[in-house]
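Reader: I would like to go through some side-chain and interface features. Please give the general idea, then the case at hand.

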Amino acid sequence: MKKGTLKQILLITDGCSNKGEDPSVTATFAHEQGIAVNVIGVLDDDQTEEPEGFQEVEDIANSGGGLSQIVYKQALSQTVQMVTKQTMTQTIQGFVNQELKQILGPEQNLEEIEPDKRGEIMEVVEDMGETCDLEVLILVDTSASMHDKLPTVKEAITDLSVSLNARIGRNRFSIYHFPGKRKDIQKVLDWSPKLDSISNVFPKLTSGGITPTGPAIREAVYQFGKKSLLRSLRDEDEPGMEEARH
Amino acid sequence: MKMNQAWKKQGINIRPGTVITGKWHRKRYVIKRRLGRGAVGTVYLCEQNGRYAALKISENAASMTVEVNVLKSLGKVQGNRLGPSLLDVDDWEVSADAKYAFYVMEYLDGKPLQAFIKRHGQEWVGAFMLQLLGDLEHLHKAGWVFGDFKPENLIVVPSPPKVRWIDVGGTTKIGRSIKEYTEFYDRGYWGMGSRRAEPSYDLFALAMIFLTIYYPTRFEKGPNPKATLFKKLNNVQQLHIYRHCLKKALLGHYQSSAQMRKEILEAIHNAKTNAKTARRHTGTRSAAPPSNRSTWKEGGGIMLLAIVFYLSSLLLPY
Ligand SMILES: Nc1ncnc2c1ncn2[C@@H]1O[C@H](COP(=O)(O)OP(=O)(O)O)[C@@H](O)[C@H]1O
C-alpha cells in the first residue's frame with residue numbers, strides 16, 4: 001500500500017466558543033478536505049461534573065473525524081501525544097477497512113474478521129502509521145481563561161514533537177493561536193520539522209472574552225495549502241537535506 | 001448517548017461469576033476477580049476447566065490485536081519466557097451492539113518488585129538486575145524493545161524467585177517510535193534521549209526502575225533533569241556498588257544489555273573482593289575505622305547474594 005500523508009488539526013482549548021460560525025460546521029469542512037480535527041479540553045482539577053464546554057469539545061471532534069479527550073493539566077503531555085497517535089491509527093485503520101470492504105464485501109471491518117486474521121491487518125496499519133508523513137497544525141486557545149495552563153500546553157507540545165520525531169515518516173508541525181490581534185488566528189510557528197524552539201516563540205496571552213473557535217478552525221484548514229508547507233517538504237527531498245535522525 | 005473518551009477508557013465492569021464464552025473458539029471462562037486496569041483494557045482472573053488464567057478484555061479490537069501480535073512474537077523468542085504465554089484470542093458478544101475483544105494468557109501470581117525486595121532483602125537487587133538484563137538481551141536480539149518498562153509491569157513469581165514481565169503493550173520493533181511509555185521511566189521526558197526504540201531506551205528505564213525502589217513516591221524533574229537524576233542516584237547508599245553502571249545506563253552509554261550485564265557482574269564481584277580484604281582487616285585489628293565497617297557491611301550483602309543465587313535454584317519460602 002502506498003505511503004500517504006495524514007493531516008491533523010489539534011485543538012487545545014478549555015472553554016466554549018462565543019464568536020463566529022459553529023465550530024462543528026468548520027470541523028466538518030476540515031474533515032471533508034481530509035483533515036482530522038482532534039480536540040483536547042484542558043480543565044481545572046476541581047471540576048468534577050460534566051463541565052461547561054464538554055459537549056462542544058465532543059461535537060467538534062465528531063464532526064471533524066477526530067478524537068476528543070478531556071484532561072487535567074498534569075496529564076496533558078501524554079494525552080496530547082496519545083490522541084494524536086490514536087487518530088493516526090484510527091484514520092489509517094479506516095482507510096485499511098475501506099480497502100478490505102472492496103476486497104471482502106460491504107460488511108467487513110476489523111471486528112467482523114476472525115481474531116486470528118486480525119494480526120496481519122494491524123501489522124499493515126502499524127507499518128503505515130510509522131512510515132506515513134504527518135502534518136499537524138496545533139491550534140491553541142489563548143483566551144484569558146487559559147492563563148495558567150499555557151506553560152503546560154507548551155511542554156506538552158514539545159513532548160509531542162519528541163514522540164513524533166522518533167517515527168520513520170516525516171513530520172511537519174505548525175502552531176497557531178487564537179484569537180489573534182486583528183485576525184481570527186495568529187501564527188506562532190510556520191511549518192517546520194521540529195518543535196524544539198517554541199519556548200522563544202510561544203504566544204503571550206490575549207486578554208478579553210472572545211473565543212472564535214469556529215473561525216479559527218476554518219483559518220487553520222487554509223494553512224494546509226500554504227506554499228511554506230510545500231517548500232519545507234521540497235527542501236527535505238533535495239539530496240543532502242535529509243533531516244538528521246537522533 | 002456518546003461517551004467521552006476519558007470515561008469510555010475506564011473500561012467494562014464484569015461481575016465475578018460471569019461466564020464469558022468466546023464467539024469463535026467457544027471456550028468458556030468464569031470470571032473470578034479483577035486483577036487490574038490498564039490503558040487499553042481490564043484484566044481479570046478467570047478459570048477455565050479448573051485452571052486459572054488472566055483474561056484481558058477491551059472495546060478496542062485494534063489495540064488488543066497489536067498486543068496479541070507482540071505476545072505471539074515473544075512466544076517465538078528463544079531462551080527465557082518473555083512475557084506471559086498466550087492461551088486464546090476471541091471476542092465476547094454480549095448483545096448485538098456490545099462486543100468486546102479479549103485474550104487469555106498465563107496468570108502470573110506474584111509480588112510487586114518493591115514489596116519483594118523489602119521483604120526478602122537488598123541482596124535481590126543485584127539478582128533481579130541480572131535477570132532483567134538477561135531477558136532484555138534476548139528481547140533485543142530478537143529485534144524488539146520493551147518500551148513501557150516500569151515496576152508496575154513487573155512481577156516476581158516464586159520458586160525460584162524470578163521477575164516476569166506482565167504488560168507488553170509498549171513492546172516495539174527496534175528502529176520505530178516507542179509505542180507506549182510512562183513519563184517517569186521515559187528518557188524523552190527527562191531530556192536524555194529520543195523515543196526511538198533502541199536497546200539503550202530500555203536500559204534507561206531499567207536504571208529508573210531500581211532508583212524508584214528507594215523513591216517510592218518518585219520525584220520531580222526540576223530545572224536540570226540530568227543533575228536531579230544523578231543527585232538522586234548518588235543519595236542511595238544501597239545502590240552504591242551499581243552506581244557507575246546505572247549512571248552509564250542513564251546516559252545511554254551502553255549499546256547492549258549484555259554489556260551492562262557484564263559490568264554489573266563485575267561490580268558485584270569487585271564488591272565481594274573488597275569485602276574480603278576489609279574483613280581480613282577487621283580480623284587482625286581490634287577496632288576498624290567506621291568507613292571500613294560500612295564497606296564490610298555492604299560486602300557482606302554481596303556474599304549473601306552469592307548464597308542466595310545458589311538458594312534460588314532450591315525452594316525458597318515465599
Ligand atoms: N498475566 C497476568 N497475570 C497476573 N496479573 C496480570 C497479568 N496481566 C495483567 N495483570 C494485572 O493487570 C494490570 C493491568 O494490566 P495491563 O496489561 O498492565 O494493562 P495495560 O497494558 O493496559 O496497562 C497489571 O498491572 C497487573 O496487575
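Author: Start with a pair across two chains: Lys179(B) and Glu126(A) meet through their side chains in a salt bridge, 3.5 Å from N to O. The term stands for a side-chain nitrogen of Lys or Arg within 4 Å of a carboxyl oxygen of Asp or Glu. This is a predicted model, in which local features need pLDDT of at least 70 and side-chain atom pairs count only at pLDDT 80 or more, while totals for chains, interfaces and linings use all residues. Side-chain values use heavy atoms, without hydrogens and water, residues are numbered from 1 along each chain as its sequence is written, and chains are lettered from A and ligands numbered from 1 in the order in which they are written.

Reader: How many salt bridges are there between chain A and chain B?

Author: Side chains of opposite charge can pair when their charged atoms come close. Between chain A and chain B the count is four salt bridges.

Reader: How is the area buried between chain A and chain B read?

Author: The size of an interface is often given as the accessible area lost when the parts come together. Here about 3000 Å² is buried between chain A and chain B, and carbon and sulfur atoms give 47% of that area (accessible area by a 1.4 Å probe, summed over both parts). In terms of contact (heavy atoms within 4.5 Å), 36 residues of chain A meet 31 residues of chain B.

Reader: Which parts does the salt bridge of Glu152(B) and Arg218(B) link?

Author: The closest N and O atoms of Glu152(B) and Arg218(B) are 3.1 Å apart. Glu152(B) is in the loop between strand 7 and strand 8 of chain B, and Arg218(B) in the loop between helix 5 (199-212) and helix 6 (225-234) of chain B, 66 residues apart. Helices (H or I, at least four residues) and strands (E, at least two) are DSSP runs, numbered from the N terminus.

Reader: Is Arg187(B) buried or exposed?

Author: Buried means under 20% relative accessible area, exposed over 50%, and partly exposed in between (1.4 Å probe, protein chains only). Arg187(B), at 4% relative accessibility, counts as buried. Arg187(B) also forms a salt bridge with Glu198(B), with 2.6 Å between the closest N and O atoms.

Reader: Where does the charged end of Lys221(B) sit?

Author: For a charge over a ring, NZ of Lys or CZ of Arg must be within 6 Å of the ring centre and within 35 degrees of the ring normal. The charged end of Lys221(B) sits over the ring of Tyr189(B), 4.1 Å from its centre.

How values were computed: Buried area is the accessible area (1.4 Å probe) that two parts lose on being put together, summed over both.
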